[in-house]
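Keep the viewer open as you read.

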Amino acid sequence: MTLNLPSRTRTFTTVAAAVAIAGATLGAGSAAAATISPANTAFTAPGTIVVTTPASFGVPVSCSITLSGSTSADGSSASITDAKISGSNRLCGLPQLKNLPWTLTPTSATTGEVSNVGFSLLGYNCGPATLAGSFDNMTNTLTSSNQPMSGNCTVNSLSVQPNPAFTLS
């Protein structure tokens, strides 16, 4: 999926092989490989997620989300080892995450992949899926929108801000 975004926005592709972030490969050679900094650092990334699933009868459900994990020692990826989902909608407290860890891998200074993303909700399995999005170094915001997942699920939108701030290069 190609997104037309402002020039300061960094595009990401999120590959989910079982709702998390694990198993993506770099699309560029190691000499041109993109990196995430700071390397070898634990992070949290709070924000919001809106999903549509059969459990919500096709109605988008907005929840808070906090991803946590660490960047690799060489900055080639980030491992997402946990995600907490909450919110006022009763469905926000019910998802069970699958296939952790998920792997966030930048493929260039403007693209990347999040792999292994999946979850179940009230007996419905969503994912694994590949989620595409963008990262803005200036605002430290990872966003994704309109990302279909198997199981008739969609990540309508995702927006998180890593702490400490990430920089892609």
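Are C126 and C153 buried or exposed? Both are buried, where buried means under 20% relative accessible area, exposed means over 50%, and partly exposed is in between (1.4 Å probe, protein chains only).

Before going further, a word on where the numbers come from. This is a predicted model, so local features need pLDDT of at least 70 and side-chain atom pairs count only at pLDDT 80 or more, while totals for chains, interfaces and linings use all residues. Residues are numbered from 1 along each chain as its sequence is written, and side-chain values use heavy atoms, with hydrogens and water left out.

As for confidence, the protein chain has a mean pLDDT of 81, and 81% of its residues reach 70 or more; pLDDT is the predictor's confidence in each residue, from 0 to 100. Over residues 1–31 the pLDDT is below 50, yet in the model this stretch has 136 contacts beyond near neighbours in sequence. A contact here means heavy atoms within 4.5 Å.

Back to the cysteines. The structure holds 2 disulfides, a disulfide being a pair of cysteine sulfur atoms within 2.5 Å. Number the bonded cysteines of the protein chain in sequence order and the pairing reads 1-2, 3-4.

C63 sits in strand β4 (residues 61–71) and C92 in the loop between β5 (78–86) and β6 (96–98), so to speak distant parts of the chain, 29 residues apart. Strands (E, at least two residues) and helices (H or I, at least four) are DSSP runs, numbered from the N terminus. C63 has a relative accessible area of 8%, so it counts as buried, and C92 is buried too, at 1%.

The C126 to C153 disulfide has its sulfurs 2.0 Å apart. Its S-S torsion is about -55°, so this link is left-handed.

V160 is buried because its relative accessible area is 1%. Leaving aside residues up to four places away in sequence, V160 touches A45, P46, G47, I65, L67, N140, T141 and L142. The C-alpha atoms of V160 and T44 are separated by 9.2 Å, although the two residues are 116 residues apart along the chain.
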